[in-house]
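Please read the following report alongside the sequence and the coordinates.

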Amino acid sequence: VYSQNIVGYANVITPNIYQLLANPLTNSAGNSLTNILAGVPKGTQVLLWNGASYNSYTKNAITGAWPAGAGTNNLDPGVGFFLKVPILYTNTFVGEVVGSAAGGTNSLPLAGGVYQLVGSPVPLGGTVNSNGPAALNLGATLSKGSQILAWNGSSYNSATKNAITGVWNTNLPVNIGQGIFVKPGLATNWVQTLQ
């Protein structure tokens, strides 16, 4: 099939503990939770951050159906979520790269001073200091005083951008398809440029 956009997939291995994920592609069939996570095993649980707590959805362990209302939630590129599967599982995100025309950009709005559960809206990984075209570009995007929390399976690894020098206290890695909590010092747009 011919496409002017970049299409593909991203495999993310998920053990049976809570993992922070983010959909890095837009699916032509839609980005509803029930579509993006259609193939996960029965008994899988998803936690969606609402700004203060989590909305929880569990795929029925017997029928494999998602509960009513689960499909009204979209896992658009850049939206992070917790996923817990009952067995080791490889989740495959399939779709197009948003803004994938040559030299295209992608922009994800981030509110200042509050935690947001997000992930790279395009399939790029790197560290908080990887900036420029075809890079994660968090270091250049986030203002001084910003903080990033990355779940390691039992607690959070953190990176803080010094409020005076603007230097990150650690070069935290962020993988393709990984969700992170971001608390920008100031409202901004997470902009990524593709080559």
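The report turns to the aromatic residues and then to a serine and a glutamine. The model is a predicted one.

**Aromatic pairs**

By the distance rule applied to ring centres, the count comes to 8 aromatic pairs. In one of them, the ring centres of Tyr115 and Phe181 are 6.4 Å apart and the planes stand at 85°, so this pair is edge-to-face, the cut-off for that class being over 60 degrees. Because Tyr115 lies in the loop between strand E7 (105-110) and strand E8 (116-119), while Phe181 belongs to strand E13 (residues 179-183), the pair ties together parts that are 66 residues apart in sequence. Tyr115 has a relative accessible area of 29% and is therefore partly exposed, whereas Phe181, with a relative accessible area of 4%, is buried.

Trp151 and Tyr156 also form an edge-to-face pair, with 4.9 Å from centre to centre and 65° between the planes. Trp151 is partly exposed at a relative accessible area of 21%, and Tyr156 is likewise partly exposed, at 32%. The two pairs are set out below.

| Aromatic pair | Centre to centre | Angle between planes |
|---|---|---|
| Tyr115 and Phe181 | 6.4 Å | 85° |
| Trp151 and Tyr156 | 4.9 Å | 65° |

Tyr115, Phe181, Trp151 and Tyr156 are members of one aromatic cluster, which also includes Tyr18, Trp49, Tyr54 and Phe82.

Is Ser143 buried or exposed? Its relative accessibility is 18%, and because the cut-off for a buried residue is under 20%, Ser143 counts as buried. Ser143 is placed in the loop that runs between helix H2 (138-141) and strand E10 (147-151). When residues up to four places away in sequence are left out, Ser143 touches Lys161, Gly185 and Leu186.

**Gln192 and its surroundings**

Gln192 sits in strand E14 (residues 188-193), and with a relative accessibility of 0% Gln192 counts as buried. Which partners does the side chain of Gln192 have among polar atoms? One is the side chain of Ser120, with which the side chain of Gln192 makes a polar contact at 3.0 Å. Another is the backbone of Leu136, whose oxygen lies 3.1 Å from a polar atom of the Gln192 side chain.

Technical notes:
Residues are numbered from 1 along each chain as its sequence is written. This is a predicted model: local features need pLDDT of at least 70, side-chain atom pairs count only at pLDDT 80 or more; totals for chains, interfaces and linings use all residues. Side-chain values use heavy atoms; hydrogens and water are left out. Helices (H or I, at least four residues) and strands (E, at least two) are DSSP runs, numbered from the N terminus. Buried means under 20% relative accessible area, exposed over 50%, partly exposed in between (1.4 Å probe, protein chains only). Contact means heavy atoms within 4.5 Å. Rings of Phe, Tyr and Trp (its six-membered ring) pair if their centres lie within 6.5 Å; planes under 30 degrees apart count as stacked, over 60 as edge-to-face and the rest as tilted. A polar contact is a pair of N or O atoms within 3.5 Å; within protein, one must be able to donate a hydrogen and the other to accept it, and residues adjacent in sequence count only if both atoms are side-chain atoms.
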